[in-house]
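Subject: Structure for your review

Dear colleague,

Please find the structure below, together with its sequence. My notes on what was found follow directly after it.

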Amino acid sequence: MIRHLATAAIVLAALSAAPACAERLIVSVSNHRVTITPNYAGEELVLFGSVERDDTAAPPPPYDLVVTISGPPADFVTRRKEREFGIWANADSRQFLQVPSYLAIFANRAFDAITTPDLQRSLKLGLDHIVLTQRVGTDYADVVADDPFRRAFIRLRSEHGLYRQNTAAVTFLTPTLFRTTIPLPAEVPTGDYDVKIKLLSRGAFVTATSTSFEVVKVGFEQFVATSAHQRALLYGLTIVAMALTTGWLASVVFRRD
Amino acid sequence: MQIYLPIADLPVNMFLILAMGMAVGFVSGMFGVGGGFLMTPLLIFVGISPAVAVASVSSHIAASSLTGALSYWRRRAIDPALALVLLSGGIVGTALGVGLFTLLRSLGQLDLTIAVSYVALLSTVGGLMLWEGIGALRHARRGLPPKPRRSGSHGWIHGLPLKMRFKRSKMYLSVIPVVVIGLVIGFVGAVMGIGGAFLLIPMMIYILRVPTSTTIGTAQTLTLATMTMATLMHAVTNHQVDAVLALILMIGGVTGAQFGARAGQRIRGEQLRLLLGLLILSVGVRFAVELAIQPQELFTIRETGTTP
């Protein structure tokens, strides 16, 4: 709700600030509810939208678009191995607090071509500018972009397709009509996903909007996951019963004497 | 065919997991061990998190050890009294092991402890079995009869008090070493996430001098009991037992175990021990290499919690 109000506020602000050339973003995701079924092995969503302009007489200015998709936040520990007494053991570690479990940042061209480094930082364009809160001692802060733990974290998440950045993923079909695909890997975390779309033109921020979708387990998957957590003892007993039945059945089926 | 695992949260190839279950089941049926020391590393290699792997493997071992135990029971090759005394130590050992497991995990050194214990235990046990197996083979090749069991060389173990008669095994033995061995197996099993039969069987044969006829059956009965408890404990405390993964592993495991048991009967005892020694030693060496060589990826990520 707050998110929608914020979006509305941004849109209103944009409208009131420059009513002559006000732009609005209309976006939609192809599927607002991704369901995980037994044969789920990754999926691709399509995000499409258009820039609505009040001033239809003048030709549209060149637009740039940055789409940020962030999955449900989670805590992570990144550990670094070091050689001690001839063996490689976990030595140093960092905690990442409430960072997106899935993060994709797509744009229609390189961030440096879209806008200035200052604006890239304040609008959080690109993986280098996203806030990844770390616990450093008793402090909570994000560190510089080339911190080894931060880079390792992004690299390892990227290897699983959970963090990605592509500055050629957004395509403008017409000067005001755009689309991009949102790839969800097989190991996609379940929960609410937030999609933020930022419109820029000639290096300046124009407007932003957001939408969302959810990834949920349904049917059998959801049943198993919830019983494992909410009815743990019963679930455990069921597994034990299943094991004993399988074992007993095998001894009956394969009995030779 | 891809199938989604609801607790591990990732899709896996069903036939790959089934094949792994069968292969490990074959080995476990052949040697009369649970195979946890093979299955857990294999699952981690496929990408399943260690917590889910350890928890789900315990139910797989429970299933295959019941199949084994039932067939040994029919052949009257289980000593119930011995199994009960072992189990009494095993319960205490498991509780102590779970305590240490929790402590080490909070210190962030659980993975290292598991790896080092794997290296130390598997290399020692595997090396000893290999050595003994080679010795027995050379002995047999020279045409000498196998060394007879010397009934007089019982040593201090048999001088301990609290003696008890184990009818099926035809033994008159103090319960103290039996309880201690049960305790050690329970402890090691809980810390390392294995059934521990590959440790228990040599201990029963060489320390307690249990006759071979009742050793494997009794060991499987103990494994059945401890792994059933472990499954339940993992389900209640960690919520990490994956029902779908467990079921695929069980089906593969019990099927493979049947063929393994048949293959095992065609191989001579000392060759069987030699092979098992080789297998255990190679897993130990693999862990040792992993610890000693600089890993390609120095960093690891672990999720510690989701949205509150």
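I begin with a hairpin in chain A: β13(A) and β14(A) are linked by 2 residues between the strands, and in this hairpin A:Arg202 takes a positive phi near 50°. Please bear in mind throughout that this is a predicted model. Strand β13 (residues 191-201) and strand β14 (residues 204-217) of chain A pair in the antiparallel sense, over 11 bridges. Within this pairing, A:Leu199 has A:Thr207 of β14(A) as its bridge partner.

β14(A) also pairs with strand β2 (residues 33-36) of chain A, here in the parallel sense and over 4 bridges. A:Thr35 has its bridge partner in β14(A), namely A:Val216.

The strands β5(A) and β6(A) run antiparallel and are joined by 11 bridges. A:Ala74 finds its bridge partner, A:Val99, in β6(A). β6(A) is also joined to strand β8 (residues 134-136) of chain A, by 2 bridges, and these strands run antiparallel. There, A:Phe96 stands opposite A:Gln134 in β8(A).

Chain A also contains an open sheet of 4 strands, in the order β1-β3-β12-β11, with antiparallel pairing. Which strands stand at the edges of this sheet? They are β1 (23-29) and β11 (171-174) of chain A; each has a single partner strand, so one side of each is left without a neighbour in the sheet. From one strand to the next, the twist averages 25°. Strand β3 (residues 43-53) and strand β12 (residues 177-184) of chain A run antiparallel and are joined by 8 bridges. A:Leu47 stands opposite A:Thr180 in β12(A).

I turn now to the interface between the chains. Here 49 residues of chain A are in contact with 51 residues of chain B. On the side of chain A that touches chain B, the elements giving two or more residues are β5 (73-84), β6 (87-100), α4 (148-159), α5 (219-230) and α6 (232-253). The largest share of that side comes from α6(A), with 14 residues. By residue type, the side of chain A that touches chain B divides into 30 nonpolar, 11 polar and 8 charged residues.

How do α6(A) and helix α8 (residues 212-237) of chain B cross? Their axes come within 8 Å and cross at roughly 150°. Angles over 145 degrees count as roughly antiparallel, and α6(A) and α8(B) are therefore roughly antiparallel to each other. The crossing of α6(A) and α8(B) is right-handed. From α6(A), the contact is made by A:Ala232, A:Leu233, A:Tyr235, A:Gly236, A:Ile239, A:Val240 and A:Ala243. From α8(B), it is made by B:Thr228, B:Thr231, B:Leu232, B:Ala235 and B:Val236. The residues of this contact of α6(A) with α8(B) divide into 9 nonpolar, 3 polar and no charged.

With kind regards

Conventions. Residues are numbered from 1 along each chain as its sequence is written. Chains are lettered from A and ligands numbered from 1 in the order in which they are written. This is a predicted model: local features need pLDDT of at least 70, side-chain atom pairs count only at pLDDT 80 or more; totals for chains, interfaces and linings use all residues. Two residues are in contact if their C-beta atoms, placed from the backbone, lie within 7 Å. Ala, Val, Leu, Ile, Met, Phe, Trp, Tyr, Cys and Pro count as nonpolar, Asp, Glu, Lys and Arg as charged, and the others, Gly among them, as polar. Two strands pair if DSSP finds at least two bridges between them. Axes are lines fitted to C-alpha atoms, for helices over the stretch in contact, and angles run from 0 to 180 degrees between N-to-C directions. Angles under 35 degrees count as roughly parallel, over 145 as roughly antiparallel, 65 to 115 as roughly perpendicular and the rest as oblique. A crossing is left-handed if the near helix is turned anticlockwise from the far one by less than a right angle, and right-handed if clockwise.
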